[in-house]
Structures are given as structure tokens and as C-alpha cells.
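Hello,

Here is the structure for your files. My notes follow below it.

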Amino acid sequence: MGTRFSILSSGSTGNATIVANGDTKLLIDAGLSAKKIEQLLADRETSASELDAILVTHEHADHIKGLGALARKYDLPIYANEKTWEELNKQIGEIAEDRRKVLQTGEMIDFGTLKVESFGISHDAAEPVGYIFYEGDRKLSMATDLGYMSSKVKDKIMDSDVLVLESNHDVEMLRMGRYPWNIKRRILSDVGHLSNEAAGEALCEVMTGKTKRVYLAHLSRDHNMMDLAKLTVNNIVEDTFAEDDHRAELMDTYHDRPTKWDYLDEE
């Protein structure tokens, strides 16, 4: 069985994704309660007891809420870089020393036939990262929680078969929304979150003929809507590419239910 994944939950209320193949099952982030993550995995006919490890992107609560409880209950190793571990130590409770794994930013590690590479991103956390998953010539990239798309990030996620890309907010909805200005300023900053417009512009630079699907992720429940995100990104792509050029399919994500299994070798 080739590499497959399901985005269990995506958004400001909690984030978690499972990536699996015949050898390995990995959870990326655990930003909901352990009980909720167990339920979401069960929706995909998977148990947390089958997981091999949890990979952490950064230490914000919507990415680690259930991390400690889940890791302790199922004796799971946790992978994060050193600076992220310094913050996790303050938040997730006691973790056995042999379950604390350091994966430095930029490092690649093998989990069976699945290779995982981390890459640095711009966000207001200790040392936030995205992840790329490789199996053979197939490539899945996950890039969320980034204030802007740097050239280094673009180079990393270029030519992905499937891309999970942040499309957090509509700028005008955010500006007119109920958040205090200091929160709005943080979201709009280079260490905040990617807007729909920024996501569309970035996608035009990293999408190639190999890219089949793009999941728009980490949408704000207050300042975005999936239909609006897809419309904005699609309009930018249409303005950039000729009508007969290859365009990846834009896919939904949800805060309250998992996406269907997506297989990287599926056209």
C-alpha cells in the first residue's frame, strides 16, 4: 500500500493529520484532546495504538493540546526540534526520556520506507517547522502556520504531488472582524498566518505539472470560509496560468471531521 494521509482536523480549534503507508503510521500534531483524536482516528478505521510516532510542528496549543496525554497513554515517541522541546517541557507534562526524540530542523529521517524531512517556517513560535513526506518519487508537503512564504520554503515544497497549504483568512474579513487590533496585527504579520491571497500567490510559484491536489488548511472560523478561500485562490491561479495549463484540484479541510484518505499515487 502506498502512502496515504487524512487531515483529521484543521483550523484554530485544533490540528492533527495522519500519514501512513504499509510500514508506518505517523501523527503530525495533536492539537485536540486525546479522546477527540482517538475518535477522529476511529473515523478513519485506525487506532492510536497503531501509531509509530507523533511529529510536532510547533508548541502552540492548537497543535499540542492532546500531545502529552496521547503519548503517555500509548507510549509513543515524540519528535520535535530542541527549541520546540524547550517549550513542550513547560506544557505537556512528563514524557519518558526514551520517548523524547530530537529531529533538528532540516534533518531527514526514515520511518521504514517513508522518509520525513522538516523545514523551517516563519511563525511566532520557538522554532516552527513544516514537514515533507517522501516515498519513492512521491512527495507530500505540509506548510501551515506561516506568516509568509519564503523562497526557501517555496524551494522545499516545489513539485509536490499533494500539498497541504495554509489559507487562514480573508484580509478584509479579518480587518473588519471582532479581534482586537494587536491580534489582527499579529495574524497579518510575517510571523502570523497566510491569507487566501498569499496562499494563491504562493501556489502559483510552487505548483507544477506533478501537483495533483492542494488542500487549503488552517482556515479561521471567524475570518474565512472554505468557498471563499477556494474562490480567491482559484481566481489567482486562473489569472496566472493559461487555460490549458495543468492546475491542481483544490480540496477542502474541516475543523470537525477528517478528510477522506488520499493516496499519493492516485491521479
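Seven strands form an open sheet with mixed pairing, in the order β7-β8-β9-β10-β11-β12-β13. Strands here are DSSP runs of E, at least two residues long, and helices are runs of H or I of at least four, numbered from the N terminus. Two strands pair if DSSP finds at least two bridges between them. β7 (108–111) and β13 (249–251) are the edge strands; each has a single partner strand, so one side of each lacks a neighbour in the sheet. On average, neighbouring strands are turned by 20 degrees against each other, direction ignored.

This is a predicted model: local features need pLDDT of at least 70, side-chain atom pairs count only at pLDDT 80 or more, and totals for chains, interfaces and linings use all residues. Residues are numbered from 1 along each chain as its sequence is written, and side-chain values use heavy atoms, without hydrogens and water.

R213 has E249 in β13 as its bridge partner. Helix α8 (residues 196–206) lies across β11 (162–166), β12 and β13. It runs at about 155 degrees to β11. Contact means heavy atoms within 4.5 Å. Angles run from 0 to 180 degrees between N-to-C directions, with axes fitted to C-alpha atoms, for helices over the stretch in contact.

Now the loops. D145 sits between β10 (138–143) and α5 (151–157). Its phi is positive, about 60 degrees, although D145 is not a glycine. D145 is buried (under 20% relative accessible area; exposed is over 50%, partly exposed in between; 1.4 Å probe, protein chains only), at 1%. H218 lies between β12 and α9 (226–240). Its phi is near 55 degrees, also positive in a non-glycine residue. H218 counts as buried at 2% relative accessibility.

Best regards
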